[in-house]
Amino acid sequence: MMQANRRELVAALAILGVSPRLAAQALAPGGATGAPQPFSWTALQRRAEELARQPYRPQVKVEAAAAIDYDAVGTIRYRDDRTLAGGIRLFPLGRYAPNPVGINIVANGQARAVPFSPALFTAEAGHAPPLGIAGFRAMTADGKSDWLAFQGASYFRTAGAQDQYGLSARGIAIDTGIDGREEFPAFTDFWIERTGAQGYTVHALLDGPSVAGAYRIESQKGAAGVEQRVSAVLFFRRDVERLGIAPATSMFWYGEGNRAAGSDWRPEIHDSDGLALLTGAGERLWRPLVNPPRPTLDSFADTDPRGFGLLQRDRDFDHYQDDGAFYDRRANLWVQPQGDWGRGQVMLYAFPTASETVDNIVAFWNPADAPKAGQKRQFDYRLSWGSTDPTIVPAVAHAVDLWTGAAGRPGAEPTPGARKLVVDFTGPVLAGLDRQSGVTADISVTRGKLLTQAAYPVVGQPNRWRVTADIAPEGQGPADVRLFLKRGTRALTETVLTPVFLP
């Protein structure tokens with residue numbers, strides 16, 4: 001079988017203009033191809049710096065890939081017997097990934113290129129042929145699933161701890177949320193080195209109109225999920241107004257807090273349900289995600305943040321009832337900055353969606369000092385993809401549910417121009433507290449008025465407290481609400497920051 005495939009690949013390369021002799025020489029053990037070339041992290045940084053001095057040239061797009069839609073691209077499969085570096089398989093070009101990328105396999109400081117050949121893939125009869133390489137994925141030990149994937153612009157993601165893809169990371173975000181100006185720099189070339197049975201270091205060259213960069217992404221799969229160490233060295237061609245570092249992209253259509261937005265029968269549909277922040281000062285913040293009626297941009301100023309990320313806290317299958325997409329299994333993505341990131345802000349951009357196929361949420365770190373043309377910046381950070389919430393600690397209760405509805409007393413006429421906000425907290429720090437324990441809600445409202453509020457333990461639910469508030473936004477809102485539970489001067493819970501819109 002291996003000899004037959006080798007002959008097929010040699011023949012295919014000859015068809016593409018490569019002589020059979022050179023094609024045969026290009027093949028190397030384990031599927032790696034091309035003559036070995038020295039490779040290093042230092043050399044990649046020099047290459048990125050040199051690239052940034054040159055005018056930007058857009059990636060070449062294969063126009064014929066537009067005809068290969070979502071269903072058609074699924075009929076093109078990378079050959080299992082061409083698996084590279086112990087578990088790497090390649091993605092074909094398609095309508096949503098029409099730009100070819102360079103793939104190189106690294107071992108012992110030497111890189112071998114993997115040139116495209118149709119013989120690397122199988123295509124079902126009567127369907128579109130393979131046209132190029134769009135990216136790659138890393139397979140699990142049994143070869144039946146994948147746990148790491150890079151495809152499209154600078155996007156990459158992992159399957160977390162429960163073998164279920166959800167949200168994605170990006171290498172960089174440029175001018176996100178600025179109408180008509182957002183750029184999508186792309187990883188144009190990859191150098192992949194196996195570092196363990198389920199471990200890879202991926203080096204990538206980034207290029208875009210405003211920036212070129214070198215990336216080193218060390219990935220290790222374990223029982224608790226996937227851990228990644230990222231180093232990004234960036235060289236700017238021109239000024240950037242809004243730089244996004246360690247961006248995460250997700251989807252939030254509807255949840256228990258905005259049931260009216262859902263036209264589907266499933267109770268909730270979202271990849272993530274909140275943005276968590278652990279500030280440099282140690283404050284714990286939770287911003288529940290919403291599907292806004294119009295684009296919104298929230299900013300959370302900080303200095304040397306300890307962590308931030310998009311999380312899926314709700315992991316109850318009954319709340320989703322989806323045994324195909326398994327939203328209850330979607331991974332969390334937690335970012336831990338390494339070194340001094342200084343002043344800046346975590347930004348959360350959201351826009352309306354009426355579909356689960358549209359990623360409408362982006363979160364990223366925006367440094368206070370915007371980069372200028374000719375500057376070099378480096379950012380190091382860790383990414384943790386798992387199913388446990390990294391922000392939960394026994395000493396601080398956390399928000400588990402948020403609802404909105406008609407303001408006023410149940411059964412009475414709704415209060416006009418207002419909405420009721422309900423937030424539930426849970427945690428062992430609330431154990432044994434009752435209405436006589438002096439627990440109160442600390443609530444402040446910007447661009448609106450607080451009409452009524454209450455805080456009390458939920459009957460029959462241990463360690464669970466509820467906060468209710470009627471909020472009257474100014475105009476059409478949103479009103480920005482900040483709330484937490486306290487006992488005297490001591491905060492018992494994380495701080496919830498949430499917008500309140502009128503319907």
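Tutor: A definition to begin: two strands pair if DSSP finds at least two bridges between them. Strands are DSSP runs (E, at least two residues), and helices are runs of H or I with at least four, numbered from the N terminus. This is a predicted model: local features need pLDDT of at least 70, side-chain atom pairs count only at pLDDT 80 or more, and totals for chains, interfaces and linings use all residues. Residues are numbered from 1 along each chain as its sequence is written, and side-chain values use heavy atoms, with hydrogens and water left out.
Student: In what sense do β29 and β32 pair?
Tutor: Antiparallel, over 8 bridges. β29 covers residues 439-446, and β32 covers 479-487.
Student: Which residue stands opposite T440?
Tutor: K486 in β32.
Student: Which side chains of β29 are buried?
Tutor: V439, A441, I443 and V445, which point to one face. Buried means under 20% relative accessible area, exposed over 50%, partly exposed in between (1.4 Å probe, protein chains only).
Student: What about phi at R447?
Tutor: Positive, about 60°, although R447 is not a glycine. Most residues other than glycine have a negative phi. R447 sits in the loop between β29 and β30 (448-457). R447 counts as partly exposed because its relative accessibility is 41%.
Student: And where is D304?
Tutor: In the loop between β21 (296-303) and β22 (307-311). Phi of D304 is positive too, near 50°.
Student: New topic. How many salt bridges does the structure hold?
Tutor: 27. The criterion is a side-chain nitrogen of Lys or Arg within 4 Å of a carboxyl oxygen of Asp or Glu.
Student: Which residue does R313 bridge to?
Tutor: E494, with the closest N and O atoms 2.7 Å apart. R313 is in the loop between β22 and β23 (332-338) and E494 in the loop between β33 (490-491) and β34 (495-500), so the pair ties together parts 181 residues apart in sequence. Both R313 and E494 are buried.
Student: What about R466?
Tutor: R466 forms a salt bridge with D424, again with 2.7 Å between the closest N and O atoms. That pair links distant parts of the chain, 42 residues apart: R466 in β31 (464-473), D424 in β28 (419-426).
Student: Is D424 buried or exposed?
Tutor: Buried, because its relative accessibility is 0%. R466 is partly exposed, at 22%.
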